[in-house]
Amino acid sequence: SDSRSIPIHDDRDKLIDGLLASGFDEASCTSRFQSHLFRKASPHKPSQYLVSKLRHYEELHRKCGPNSRAYRKSMKVLHSKKKGAPGICKYLVWTPANGLGNRMISLAAAFLYAIFADRVLLVRFRDDMQGLFCEPFLNSTWLLPKHSPFWSEHHVETYRTMLKKDKASHSKRAVPSTLFLNLQHSQDDPEKFFHCDHNQDLLRNITSLILRSDQYFVPYLFMNPSFNSEIDKMFPEKDAIFHHLVRYLFHPSNEAWGLISRFYKTYLASADERIGLQIRVFSPTTTPTQAVMDLVLNCTLSNKVLPQLDTQKSVYYSQNQTVKAVLVASLYPEYGENLRAMYLNKPSVSGELIGVYQPSHEEEQKFHDNMHNFKAWTEMYLLSLSDVLVTTSLSTFGYVAQGLGGLKPWLLYKLTSNDTYFPACVRDFSIEPCNHIPPQHFCNGKPIKDFASSFPYLRKCLDFYAGVKLA
Ligand code: GDP
């Protein structure tokens, strides 16, 4: 029988060493109580200090979150347009940008920033984000209420104009009660210096920040010494920050958990080893399928993630053949189909049997589509249940899977043409996501020449030349 399906009621496992709060209703979020049965215990334990900060945050969220008296009071003050010092409750409203992977990494970063800034995190989930996740905070909600003024940022002062005004005036001026903070990158946009003390001081007195970002901006916090002592105590292991954040925040809803757990039990649970293969093709029209297939095979065969084919024999004689299950996540059906046919048509030299399963093939990235996001979430989660993970460079979809699973992936080159690359992939040195657009200057304006020698925990990413990540 499969030992993974026998429920073991150990609260330490269930609550991931105190990372998760006890007291949730099991039926409303089954995954919260069952996910530990689907993966090996993580070697990365949350620090006691992190656990206490999370419990403290939950308290704040309960006190200031929607449905609380303090929330109603704060909203009344906002409506009255009276300016002044912020009340006891301050808010950070997260808004989505780009695909689900981008959204989840930026939301995780926003949560950590909310903890540092004593802000209550509210999420602006429209129809396409409905029902993917359980509520993360005990006895409260993180969903932005329907009638909140924060559903739009029209008529809200922007961070950019605030900085301009700040530069122009030398005297103190009244700060707005709500500010739109766009941390997304564009060509014509100057650096934001968001993490620098002066800018943090400006933001501190604003009651509500509406944030847009598609990046994991936690590395920024490591570029300002003011954050260091807190962050150090919370996260002694710098390459497990995202791992803790995503396991804390993102629990599949019962509907998503049904999709994930049925697929897992049907195709993956009984295998001797599980391999996740994420094949993200960024420019499908200019990248031939065969070039991608060659890259995937070069990577997996040469690193012994998958066995070579035996072209001499047509049968393999052995009593106990082990089975590897390969989960393929891709927008295109060809990759799963090719790989499956390959291992069914010929034996492998090791005698291993290779089962290939691809849950969906959506053909293209879709927007404003709830079911599409359910599929993406299902596949990120299934990838995270792998023993060995292969992801595509630059893909935030892959970052979420590696973070949930606590896995250092093999990084496939990002192909945009027919080129061949050797090696086809490299093993990443950390499970953290790469930040693709780090600041180019220190807070004092001097250019940053080298991240690794300037900041102890930051390294250049392997998957994107301009990116940095924690290690
Ligand atoms: P990134 O663009 O690779 O960084 O990842 P994002 O998740 O931000 O955006 C890509 C979006 O395209 C995903 O959220 C999905 O909607 C879709 N997508 C890309 N690859 C896959 C895949 O392998 N499976 C599924 N179901 N959807 C995918």
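Trainee: Where do we start? How many helices and strands are there in the protein?
Mentor: The protein has 16 helices and 13 strands. Keep in mind that the model is predicted.

Trainee: And how compact is the protein?
Mentor: Its radius of gyration is 23 Å. The globule rule gives 23 Å for 471 residues, so the protein is as compact as a globular protein of that length.

Trainee: What box do the C-alpha atoms fill?
Mentor: Roughly 80 × 50 × 40 Å, taken along the principal axes.

Trainee: What share of the residues counts as buried?
Mentor: Of the 471 residues, 41% count as buried.

Trainee: Now contacts. Take residues at least 6 apart in sequence. What percentage of their contacts join residues at least 24 apart?
Mentor: That comes to 74%.

Trainee: Let's switch to helices. At what angle do α5 and α15 pack?
Mentor: About 55°, with their axes 7 Å apart. Helix α5 covers residues 100-117, and helix α15 covers residues 396-405.

Trainee: Left-handed or right-handed crossing?
Mentor: Left-handed, for α5 passing α15.

Trainee: Which residues meet there?
Mentor: From α5, they are Gly101, Asn102, Met104 and Ile105. They meet Thr396, Phe397, Tyr399 and Val400 of α15. By class, the contact of α5 with α15 has 5 nonpolar residues, 3 polar and no charged.

Trainee: What about α14 and α15? What's the angle there?
Mentor: Helix α14, residues 370-384, packs with α15 at about 45°, and their axes are 7 Å apart. That makes α14 oblique to α15. The crossing of α14 past α15 is right-handed.

Trainee: Which residues make that contact?
Mentor: On the α14 side, Ala376, Met380, Tyr381, Leu383 and Ser384. On the α15 side, Phe397, Val400, Ala401, Leu404 and Gly405. The contact of α14 with α15 counts 8 nonpolar residues, 2 polar and no charged.

Trainee: New topic. Where does Val77 lie?
Mentor: In helix α4, which covers residues 69-79.

Trainee: Why does Val77 count as partly exposed?
Mentor: Because Val77 has 17 C-beta neighbours inside 10 Å. Buried needs 20 or more, and exposed means 12 or fewer.

Trainee: Last one. What separates Val77 from Thr300?
Mentor: Their C-alpha atoms are 59 Å apart. Along the chain, the two residues are 223 residues apart.

Notes:
Residues numbered from 1 in each chain as written. Predicted model: local features only at pLDDT ≥ 70, side-chain atom pairs only at ≥ 80, totals over all residues. Axes fitted to C-alpha atoms, helices over the stretch in contact; angles between N-to-C directions. Helix = DSSP H or I, 4+ residues; strand = E, 2+ residues; numbered from the N terminus. Left-handed = near helix turned anticlockwise from the far one by under 90°. Contact = placed C-beta atoms within 7 Å. Nonpolar A, V, L, I, M, F, W, Y, C, P; charged D, E, K, R; others polar. Rg over C-alpha atoms; globule rule 2.2 N^0.38 Å. Parallel < 35°, antiparallel > 145°, perpendicular 65-115°, else oblique.
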